[in-house]
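Subject: Structure handover

Dear colleague,

Here is the structure for you to look through. My notes on it follow below.

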Amino acid sequence: SEVQFNLNLTDQLQINGVHINSHRPVPRYERLQNIPTNPMDASQAFDSYLRETFNLFNNSYTQHSPTYRMKEAIVSMAAFGPGNQFVQKNEKIEKQFYAFKEILKHILPIELGFKDLSIRMPDIVLETDSGDFLLDASSGGIMSIIDLAWQIFLYSHDKEEFVVTIDEPENHLHPSMQRSLLNDFVKAFPRAQFIVVTHSPFIVSSIRDSNVYALKYENFKDDNVNKVIKKVVSQKLDLDQKAATANEILRDVLGVPVTLPKWADEDLQKICSMFTVDDITVDGLRRLRNELNQAGLGEFYPEALNNIVEGQKL
């Protein structure tokens, strides 16, 4: 039997929005076989991409990937947008094609040095300062950013304001990309409100002008059964917490009590046990730093000192 829940939502508001789940399409090379003769605009491209994504996640057989549908739409825009002496120009599609290239300039990592998106049939090529490569050959991180941008870009057309919800946007991204991702997307899509769910401390602290909520367990007394039960509660963070280091966010916000590997934490505790508050002298601090350096834990000097003073295990 299947587990089912009956939800009753009252006073619902109609809001324009798009949800992007945590799973990203795995890039694989697919040679573009056909160009749709019916010029594809942003709305049609979004529907095509979304259908292929649903097919993928529902384990439905399809011979093409969402990335293939993206390539199909981009080539269609490039071919039928500008037009030529034989093909009538479509200004709306042309603007969408150039607009997407501008979006890529804003959201792709600066280190990549993105310059242009060119069509070299039957492929799409990213031209960058670090060389030219096929769209399909992009790393998982770059392809994840392009995938997010493509969906939001297509959905945003003809909408004054809209909401974007993203589950775990940090997936496939290097920490340096996680730090800049939301900031870049907020600038690229100023009409959007972003709501994200994340386990990344780099995502949590990436936007100053934002509201951050942590979901935590708290104990409540249930008078009906006369016992204490745990419930999940939402706690809004203050700006000081949001500007904390990655280690502090992991420990205090995301509920990871120890941010060191277990072996390193054990060595740190062993060293700290050799000192007391009375050893907080010039000579004692020098000995503490030497012990930590010899154990390869020199960078955790502040944590060790705090552990000794507070008498609390990290």
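**The antiparallel sheet**

Leu126 stands opposite Phe133 in E4. Strand E3 (residues 123-128) and E4 are paired in the antiparallel sense over 4 bridges; strands are DSSP runs of E of at least two residues, and helices are runs of H or I of at least four, both numbered from the N terminus. Two strands count as paired if DSSP finds at least two bridges between them.

This is a predicted model, in which local features need pLDDT of at least 70 and side-chain atom pairs count only at pLDDT 80 or more, while totals for chains, interfaces and linings use all residues. Residues are numbered from 1 along each chain as its sequence is written, and side-chain values use heavy atoms, with hydrogens and water left out.

The open sheet to which these strands belong has 3 strands in the order E2-E3-E4, with antiparallel pairing. Strand E2 (114-120) and strand E4 (131-134) each have a single partner strand and stand at the edges, so one side of each is left without a neighbour in the sheet. On average, neighbouring strands here are turned by 25° against each other, direction ignored (axes are lines fitted to C-alpha atoms, for helices over the stretch in contact, and angles run from 0 to 180 degrees between N-to-C directions).

**The parallel sheet**

Another open sheet of 3 strands has the order E1-E5-E6, and its pairing is parallel. At its edges stand E1 and strand E6 (192-197), each with a single partner strand, so one side of each lacks a neighbour in the sheet. Strand E5 (residues 162-167) pairs with E6 in the parallel sense over 6 bridges, and Val163 has Gln193 in E6 as its bridge partner.

**The hairpin**

Strand E7 (residues 213-222) and strand E8 (residues 227-236) run antiparallel and are joined by 10 bridges. E7 and E8 form a hairpin with 4 residues between them, and Asn226 in the turn has a positive phi of about 55°. Lys221 stands opposite Val228 in E8.

Ala214 is found in strand E7. Ala214 has a relative accessible area of 4% and is therefore buried (buried means under 20%, exposed over 50%, partly exposed in between, with a 1.4 Å probe and protein chains only). The C-alpha atoms of Ala214 and Ile142 are separated by 28 Å, with the two residues 72 residues apart along the chain.

**Aromatic pairs**

How many aromatic pairs does the structure hold? There are 7 aromatic pairs (rings of Phe, Tyr and Trp, the last by its six-membered ring, pair if their centres lie within 6.5 Å; planes under 30 degrees apart are stacked, over 60 edge-to-face and the rest tilted). Phe97 and Tyr98 form an edge-to-face pair, at 5.6 Å centre to centre and 65° between the planes. Phe97 is buried at 7% relative accessibility, whereas Tyr98 is partly exposed at 43%.

Phe100 and Trp150 also form an edge-to-face pair, at 4.8 Å centre to centre and 75° between the planes. This pair links distant parts of the chain, with Phe100 in helix H3 (residues 91-107) and Trp150 in helix H4 (residues 140-156), 50 residues apart. Phe100 is buried, at 3% relative accessible area, and Trp150 is buried at 1% relative accessibility. Phe46, Tyr155 and Phe162 form one aromatic cluster.

Regards
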